[in-house]
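I opened this notebook to record what I looked up in one structure.

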Amino acid sequence: MVTRRGLLLAGGGATLVVATPGAAGQRTTLEREPPRVGTWAAAPTAVPVKKILTLENQTVRQVLHTSIGGDLPQLTLSNEYGAEPVRVGAARIGVRTGGLGSSATVPGSDRPLTFNGSPAPVLAPGQVLVSDPADLVIEAGADVVVSLYLPDRVQAGTISPRSKQENLIVAGDATARPDPGAGKTITRYLWVTGLSVRAVRAASAIVALGDSITCGTATTDNANHRWPDLLAARLRVEGLPRGVLNAGLSGNRLLFGYEDPTGSADEKAYIGAATIRRFDRDVLTHPGVGHVIVLIGVNDLVNEPPRTTAEMIDGHRELILRSRAAGLRVIGGTLLPFASASSRRATAANQRVRTELNAWIRGGGEYDGVVDFDAAVRDPNDPSRMNPRYDSGDGLHPNDEGTAALAAAVPLSLLGN
């Protein structure tokens, strides 16, 4: 496919020289289309009945922090867990401006979004839609604002529950306003699950697959201090063109989860589907993925039914096999220490399974590489506990300094191919 002139601001197509048979000295130059790569993601869940949010004649403005830059962004909307259709009256994307928590856009930066040519798509229950490419260049590490106008009364049935980002709901159609004014602040993502761009030729994406530690539960809101964000920042400094996609869900488990739609969802539906069940959706559907970093299992150890080391290893092996079948390089992360967490969590049996599972991740030779997150944050005086410097206060979740230590522990050499 020949790349159109004028659309290479971020992509920079590769040049391929082909010899023409029978025509000595003549060469034909073709330009490869730059690859499409995920730059932001959120893992969706259903909503427990008591937590359902209803919108009508309102606009939700949501801030997405990009990892890799590019042009022609495409937004993914999901109604996977919704029990009713969602009509989007208008949708736009623009570059954010203002202080932390702002959903204002740089005047003139926003662009309309269409879906299969329609500016007002309808998401049927269970449906996923990807927008047409928007005429916009997005820099790496930038914040963009996605505005969705919901004209009809509708329940937000597909969300990412802990965004660690303040998003805004305002009255009426505020999609085209640079400054939407005052509204209701929420810390969820509604319907948005992915953003991709056309990037440089050597670009690819990394999916961080995990639980609350990956989604950044104990980090500062609006600061983009989740460890995948900080890893993306390291990659930018080193000039390695990689998108980093956060597929973390608070409470998520490797082997057990919830999948019923909103309206009939369990009160614990926020933990999402089991990691082995959501793998295809949260890893393989994003464009340009080449690596996946797995940090999962601690919640399996403290909930019923109790899990053995063999069961946990079998679950990790399934993730490895499915990654390899998709041609991905799969990297295992060791589970963080939690001896100073609640007594329910920090039992001798749980400690033993964590120790045995970590030993297998480190030395089993089945992952393509290992990130020793455990070693990065453990207390040097008591390796079963998190270093107090990195502890958010609950003995399990790293604070902002702790997530920085996790990001620094990732060997960039594992992500170079």
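The entries below begin with the origin of the model and then turn to the chain.

I note that this is a predicted model, in which local features need pLDDT of at least 70, side-chain atom pairs count only at pLDDT 80 or more, and totals for chains, interfaces and linings use all residues. Residues are numbered from 1 along each chain as its sequence is written, and side-chain values use heavy atoms, with hydrogens and water left out.

**Entry: the whole chain.** I looked up the secondary structure and found seven helices and 27 strands; helices (H or I, at least four residues) and strands (E, at least two) are DSSP runs, numbered from the N terminus. The radius of gyration, taken over C-alpha atoms, is 22 Å, close to the 22 Å of the globule rule (2.2 Å times the number of residues to the power 0.38) for 417 residues, so the chain is as compact as a globular protein of that length. I recorded a C-alpha trace spanning about 65 × 65 × 35 Å along its principal axes.

**Entry: burial.** Of the 417 residues, 56% count as buried, that is, under 20% relative accessible area with a 1.4 Å probe, protein chains only.

**Entry: strand S20.** How many residues of strand S20 (residues 192-198) are buried? I found seven of the seven buried, so S20 is largely enclosed by the rest of the structure.

I then looked up the partners of S20; two strands pair if DSSP finds at least two bridges between them. Strand S3 (residues 36-41) runs antiparallel to S20 and is joined to it by five bridges; Trp40 has Leu195 in S20 as its bridge partner. Strand S6 (residues 70-78) is also antiparallel to S20, with five bridges, and Asp71 stands opposite Arg198 in S20.

Note on methods. Buried < 20%, exposed > 50% of the residue type's maximum accessible area, 1.4 Å probe, protein only.
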